[in-house]
Amino acid sequence: PSKSRPHIIFIIGGPGSGKGTQTAKIATHYNFECVSVGEILRNRMLHHASSDRKWEVIAQIIANGELAPQETTIEELKHQFIKKQDAKGFIVDGFPREIAQAFTFEEQLGSPDLVILLACSNQQLRQRLEKRATEHGRPDDNAHAIEKRLDTFKHNIALIAKYYQERDLIVRIDADRDEDEIFRDINAIVQKRFF
Ligand code: UP5
Ligand code: MG
């Protein structure tokens, strides 16, 4: 019998909503491959920005809190999916960022089985990012880029959520709470959907 394709979970939410934190927990708990799109882009730019004009431009875009070009993002995602095609499942952190990306992913890699939306108040998002900025901040953890990331998210989330809502794929989780409480809810949802 042919092996069923790996489960695909998208985890989306505003900057600082806990996508990375929860993705790591799910990946460990279920032995799923974690694909953090922001992380991958940051790694690439770290290695290539000084020698490659394309990555120099992307590094600037990200430091400004704006979205990297879709083709590059999809290309990186595809690369990960092919490299890890034997995975039990994929947990994709921080994708899609706009509706066009959702469509393109689906055409090229198939539909997600579940989309988790971490819903967090703006006040909480700002507080978490400002706290991280004082500890081990990323290049995009400056006041200007934080506002831009919040705006970009606010601008794009409604269409994305509506699209997945129509197919009953999205689950919204109150992410203003403690990490472990959030994970308990996610865990219950993943259990119910896949096991
Ligand atoms: N923290 C986490 N959970 C907490 C909780 N429940 N209570 C209290 N504190 C909590 O968490 C953020 C901080 O809060 C941490 O210090 C954590 O300890 C604490 P984290 O888990 O890092 O949240 P996350 O949602 O992952 O925040 P992040 O800053 O990574 O979100 P972004 O969406 O801004 O970052 P991402 O890496 O996904 O994208 C960065 C950039 O890459 C984008 O702005 C864009 O330029 C580019 N990008 C694209 O262009 N296309 C893509 O498809 C993806 C990214
Ligand atoms: Mg993150």
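Two residues are in contact here if their C-beta atoms, placed from the backbone, lie within 7 Å. Keep that in mind, everyone, and welcome.

What you see is a predicted model, where local features need a pLDDT of at least 70, side-chain atom pairs count only at pLDDT 80 or more, and totals for chains, interfaces and linings use all residues. Residues are numbered from 1 along each chain as its sequence is written, and chains are lettered from A and ligands numbered from 1 in the order in which they are written.

How confident is the predictor? The average pLDDT, its confidence in each residue from 0 to 100, is 96 for the protein, and 98% of the residues score at least 70. For the complex, the predictor gives an ipTM of 0.99 and a pTM of 0.97.

Let's start with helix 6. Helices are DSSP runs of H or I with at least four residues, strands are runs of E with at least two, and both are numbered from the N terminus. Leu125 lies in helix 6. Is Leu125 buried or exposed? A residue is buried if 20 or more other C-beta atoms lie within 10 Å of its own, exposed if 12 or fewer, and partly exposed in between, with C-beta atoms placed from the backbone. Leu125 counts as buried because it has 23 C-beta neighbours inside 10 Å. Leaving out residues up to four places away in sequence, Leu125 touches Gly14, Pro15, Gly16, Ser17, Cys120 and Leu150. Gly14 is 111 residues from Leu125 along the chain, yet their C-alpha atoms are separated by 7.2 Å.

Arg132 is also in helix 6. With 13 other C-beta atoms within 10 Å, Arg132 is partly exposed. Its contacts, again not counting residues up to four places away, are Gly137 and Asp141.

Now to the ligand. Which residues come nearest to ligand 1? Of the 27 residues around it, they are Pro15, Gly18, Gly20, Gly38 and Gly94, where being near means a C-beta atom, placed from the backbone, within 6 Å. Helices 1, 2, 6 and 8 each supply at least two residues of this shell.

Finally, helix 2. Val37, Leu41 and Met45 are buried there. The buried residues of helix 2 pack against strand 2, helix 3, helix 4 and strand 3. On the face turned away from that buried side, you'll find the exposed residues Asn43, Leu46 and His47.

How values were computed:
pLDDT = per-residue confidence, 0-100.
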